[in-house]
Amino acid sequence: MTAMMERNTAAKTPGAETVREQADRKRATRYLLAGLRLALGWIFLWAFLDKLFGLGFATEGKNAWINGGSPTKGFLSFGVTGPFEGFYQSMAGAVWADWLFMIGLAAIGTALILGIGVRVAAVAGGLLLVLMWTAALLPANNPFMDDHLIYVGVLALLAVTNAGDTWGLGRTWARLPIVKRFAWLR
């Protein structure tokens, strides 16, 4: 009886949150994080598909990777600014850079969409995004901050919250023996 009275009192106290409200907030947070994971995964996967097939958004068909184009040459040759300009321009069009970039985009996007290996995808995606950020220093509209760094923060949030568990295969992935043994693969 006392527990019921305490629950009723807590529910009526201004600022007090009921157990149901807490559960609803946790559920909404899980869904929001899953949605962000899917959206960010699609950003990576779309960049891969557009560069691979030249779908006409950022890459014209004639410059598609499958048509012999280089996914890195255009941006690294002409879009790089700042203190690392020479470093990045020296990699423009290099076969190894094209392959690493495309494999990275595809793997990060796929992992995020499936909700598997989100921690690994977050680290790899964070590294790729920081490299892209340093390729265009200083950002045009801000002394240092741009969307690449915001995405790095979102990836970190997705990794630490196991965002692959909701609307993804994260729970199944986590039960694999190798993932149990090496939690960083989660």
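This is a predicted model: local features need pLDDT of at least 70, side-chain atom pairs count only at pLDDT 80 or more; totals for chains, interfaces and linings use all residues.
**View 1. The lining of the largest pocket.** Welcome to the largest pocket, lined by 41 residues, with Lys51, Pro71, Phe75, Phe101 and Met132 nearest its centre. A pocket is an open set of points on a 1 Å grid over the protein atoms alone, with protein on both sides within 12 Å along at least five of seven lines, and lining residues have an atom within 4 Å of a point. At least two lining residues come from each of α2 (19–53), α3 (73–78), α4 (85–89), α5 (95–114), α6 (118–135) and α7 (147–160), and α6 gives the most, with 8 residues. Helices here are DSSP runs (H or I, at least four residues), numbered from the N terminus. The lining has 28 nonpolar, 8 polar and 5 charged residues. In this count Ala, Val, Leu, Ile, Met, Phe, Trp, Tyr, Cys and Pro are nonpolar, Asp, Glu, Lys and Arg are charged, and the others, Gly among them, are polar.

**View 2. The nonpolar cores.** Have a look at Phe44 and Leu112, which have the most contacts inside the largest nonpolar core, a group of 24 residues. The elements giving two or more residues to this core are α2, α5, α6 and α7, and the largest share, 7 residues, comes from α5. A nonpolar core is a set of buried Ala, Val, Leu, Ile, Met, Phe, Trp, Tyr and Cys residues joined through side-chain atoms within 4.5 Å. Beyond its neighbours within four places in sequence, Leu112 is in contact (heavy atoms within 4.5 Å) with Arg37, Leu40, Gly41, Phe44, Val118, Ala121 and Leu155. A second, separate core of 5 residues includes Leu76, Val80, Tyr88 and Ala135.

View 3. Arg186 is found in the segment after α9 (177–181) and is buried, with a relative accessible area of 17%. Buried means under 20% relative accessible area, exposed over 50%, and partly exposed in between (1.4 Å probe, protein chains only). The side chain of Arg186 makes a polar contact with the side chain of Asp165 at 2.7 Å. Such a contact is a pair of N or O atoms within 3.5 Å; within protein, one must be able to donate a hydrogen and the other to accept it, and residues adjacent in sequence count only if both atoms are side-chain atoms. A cavity is a set of grid points where a 1.4 Å probe fits but cannot get out.

**View 4. Backbone features in the loops.** The peptide bond from Leu137 to Leu138 is cis, with omega near -15 degrees, and Leu138 lies in the loop between α6 and α7. In the loop between α7 and α8 you will find Asn162, whose phi is positive, near 50 degrees. Trp167 is found in the loop between α7 and α8 and has a positive phi of about 55 degrees. Asn162 is partly exposed at 27% relative accessible area, whereas Trp167 counts as exposed at 52%.

Technical notes
Residues are numbered from 1 along each chain as its sequence is written. Side-chain values use heavy atoms; hydrogens and water are left out.
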